[in-house]
Amino acid sequence: MSSVSWFAQALAPWYAANRRSLPWRSTRDPYLIWLSEVILQQTRVDQGLAYYNRFALKYPTVHHLAAATEDEVLKDWQGLGYYSRARNMRATAQRIVSEYRGVFPEDHNGLRHLKGIGPYTAAAIASIAFNEPVAVVDGNVFRVLARCFGIREPIDRPAGKRLVADLASRLLDRKHPGEHNQAVMELGALVCTPKRPQCNACPVRSRCLAYEEGVVEQLPLKVGRTKVRERHFNYLLPHGVSALWLVKRAAGDIWQGLYTPPMVESDVRWGARRMQAALQQELGRSWHLVGSFTEERHVLSHQVIHARFWWVSKARTARLPADWLACGLKDAHRYPVPRLVERVLGEVLNS
DNA sequence: AAAACGTGGTG
DNA sequence: TCACCAAGTTT
């Protein structure tokens with residue numbers, strides 16, 4: 001009897017013929033697999049590829065990454081989003097060096113306990129680097145299996161997640177777990193896409209329940225997302241000098257560990273009058289509002305930031321708050337900043 | 001268990 | 001413009 005599922009059998013030749021050649025597919029080094037998997041969390045290959053290449057070059061081993069400062073790693077991560085990934089990677093690299101002598105845990109379970117490595121990433125590293133027979137379950141797997149097996153359970157709820165995870169585990173080619181896992185994900189990325197799937201090119205179309213029933217684009221089912229919060233950030237730029245103030249963002253909010261100009265948050269959009277009052281209340285009478293520089297709308301996954309940038313001046317004698325750091329406008333590029341700030345600083349330099 | 005965490009691409 | 005969502009993890 002064949003121990004390999006029909007699904008795996010149909011998938012393997014398709015993958016052999018259609019797999020993209022990507023840098024992390026030509027290594028078994030668990031460190032590089034790890035790096036690629038973290039970069040690709042909630043991130044498209046197109047967006048992450050350049051970051052992977054830069055990181056692999058600058059930090060070729062876990063020791064290199066462990067030796068870097070957090071600011072430096074965040075700077076190299078700048079623009080990729082979900083910055084906790086970078087902070088967790090560095091922390092985990094340090095732990096692997098100090099506690100494991102630089103050697104990765106070689107099984108799914110050991111990997112799972114490291115910061116930033118959840119069920120998906122642990123399974124990916126274990127199957128690809130160590131040939132352990134564990135199935136990965138990511139967004140592609142949810143979509144491919146929900147369609148192929150006609151799963152109507154919402155896949156963003158525990159019951160639906162369990163259903164797909166069990167199914168993925170039964171379908172796994174246990175002789176070639178790494179190849180099989182990547183094949184399912186590649187099918188989801190290239191053929192079984194969220195919109196306009198290419199069913200004509202699909203190796204499992206003849207046994208796809210969603211195709212048979214004409215509901216491919218209706219699956220997978222999801223209950224929906226939570227609504228986004230609107231916030232107003234008023235940023236302070238020093239007027240008339242080629243300098244800049246920066247503050248490191250604290251824990252418990254967006255952009256933790258990144259730098260932005262000092263900022264006052266308001267519940268509604270503030271005009272100049274209200275802003276001037278807030279400025280003097282926060283910092284004292286020797287501070288003055290000069291005017292508004294620009295307004296930006298920045299959309300995040302759960303928030304919309306209405307950012308207003310103000311020119312501000314202060315009396316020569318007035319001190320800066322302790323957590324502000326002053327830097328030349330041209331030195332700002334050394335600090336990791338959110339995209340929003342990067343864009344606006346670009347405008348300042350050009351103005 | 002639901003919500004938070006970034007950014008950019010797509011239809 | 002807007003909704004969706006991409007090789008998820010943490011709290």
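# Chatting about chain A and its rings

Author: Chain A exposes about 18400 Å², and carbon and sulfur atoms supply 50% of that area. Those areas come from the Shrake-Rupley method with a 1.4 Å probe, and for residues only the protein chains shown count as cover.

Reader: Thanks! What should I know about the model and its numbering?

Author: This is a predicted model, where local features need pLDDT of at least 70, side-chain atom pairs count only at pLDDT 80 or more, and totals for chains, interfaces and linings use all residues. Residues are numbered from 1 along each chain as its sequence is written, chains are lettered from A and ligands numbered from 1 in the order in which they are written, and side-chain values use heavy atoms, with hydrogens and water left out.

Reader: Good. How many helices and strands does chain A have?

Author: There are 14 helices and 7 strands in chain A. These are DSSP runs numbered from the N terminus: helices are H or I with at least four residues, strands E with at least two. The C-alpha trace spans about 85 × 50 × 35 Å along its principal axes.

Reader: And what share of the residues is buried?

Author: Of the 351 residues in chain A, 47% count as buried. Buried means under 20% relative accessible area, exposed over 50%, and partly exposed in between (1.4 Å probe, protein chains only).

Reader: On to the rings, then. How many aromatic pairs are there in the whole structure?

Author: A search of the whole structure gives 15 aromatic pairs. One of them joins Trp34 and Phe104, edge-to-face, at 5.4 Å centre to centre with 65° between the planes. For the terms: rings of Phe, Tyr and Trp (its six-membered ring) pair if their centres lie within 6.5 Å, and planes under 30 degrees apart count as stacked, over 60 as edge-to-face and the rest as tilted.

Reader: Where do Trp34 and Phe104 sit in the chain?

Author: They link distant parts of the chain, 70 residues apart. Trp34 is in helix H2 (residues 30–39), while Phe104 is in the loop between helix H6 (84–100) and helix H7 (108–112).

Reader: Is Phe104 buried or exposed?

Author: Phe104 is buried, because its relative accessible area is 6%. Trp34 also counts as buried, at 1% relative accessibility.

Reader: Nice. Why is the pair of Trp287 and Trp324 called edge-to-face?

Author: The ring centres of Trp287 and Trp324 are 5.7 Å apart and their planes meet at 75°, so that pair is edge-to-face. Trp287 belongs to strand S5 (residues 287–299), and Trp324 to the loop between strand S6 (303–314) and strand S7 (325–328), 37 residues apart. Trp287 is buried at 1% relative accessibility, and Trp324 is buried with a relative accessible area of 12%.

Reader: Which residue has its charged end over the ring of Trp6?

Author: That is Arg207, whose charged end sits 4.1 Å from the centre of the Trp6 ring. A charge sits over a ring if NZ of Lys or CZ of Arg is within 6 Å of the ring centre and within 35 degrees of the ring normal. Trp6 also forms one aromatic cluster with Phe7 and Phe149.

Reader: Switching to the backbone, which peptide bond is cis?

Author: The bond from Leu219 to Pro220 is cis, with omega near 0°. Pro220 lies in the loop between helix H12 (209–213) and strand S1 (229–238).

Reader: And what about phi of Gln42?

Author: Gln42 has a positive phi of about 55° although it is not a glycine. Gln42 is exposed, with a relative accessible area of 72%.
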